[in-house]
Amino acid sequence: MNETKTTQLQDELQHFSGSEEHFAQPLLNHFIYSEGAKYFFEHAGDNGAYWMATDLATEFYQNLDDDFYVIKLQVNEDQTAILTANTGVDESTSYQKKYNYTDIEPSETPYKFYADVQKLEDTMRFYLPSEY
């Protein structure tokens, strides 16, 4: 495991607070994400992590029942990963997806995000905890 790269990315993500600019996935305009999330999507792994944005904007979004979620991405030593979401009220999992491979560096601490869902407006806003 490349401890330096993992620590560096996690440290860089901590510098984001608030968000003055938001972004949307092409063809998936309902998925709006912050500057910090954009940084994660661009810098996580050798090829970025926009695959995660696509999965959140499609599969995850289709199964939403609540208006707020805590989302975690745990990357394991064997380069597998698990994306989970819960409502933040308790730790019961509302959504889970396993990945057989990712080039994101393994980390003991999961990457954590928040999703604010406005079904009436057909939007999901995706943030780092420090930007929420």
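**Aromatic rings and a helix contact**

Tutor: The count comes to 20 aromatic pairs, where rings of Phe, Tyr and Trp (its six-membered ring) pair if their centres lie within 6.5 Å. Take Phe 40 and Phe 113. Their ring centres are 5.0 Å apart and their planes stand at 65°, so this pair is edge-to-face (planes over 60 degrees apart; under 30 is stacked, the rest tilted). The pair joins distant parts of the chain: Phe 40 lies in helix H2 (residues 35-43), Phe 113 in strand S6 (residues 111-118), 73 residues apart. Helices (H or I, at least four residues) and strands (E, at least two) are DSSP runs, numbered from the N terminus. Both Phe 40 and Phe 113 are buried, meaning under 20% relative accessible area with a 1.4 Å probe, protein chains only.

This is a predicted model: local features need pLDDT of at least 70, side-chain atom pairs count only at pLDDT 80 or more, and totals for chains, interfaces and linings use all residues. Residues are numbered from 1 along each chain as its sequence is written, and side-chain values use heavy atoms, without hydrogens or water.

One aromatic cluster includes Phe 23, Phe 40, Phe 41, Tyr 50 and Phe 113. The charged end of Lys 38 sits over the ring of Phe 23, 5.0 Å from its centre (NZ of Lys or CZ of Arg within 6 Å of the ring centre and within 35 degrees of the ring normal).

Lys 38, Phe 40, Phe 41 and Glu 42 of H2 meet Tyr 50, Met 52 and Ala 53 of H3, with contact meaning heavy atoms within 4.5 Å.

Notes. Buried means under 20% relative accessible area, exposed over 50%, partly exposed in between (1.4 Å probe, protein chains only).
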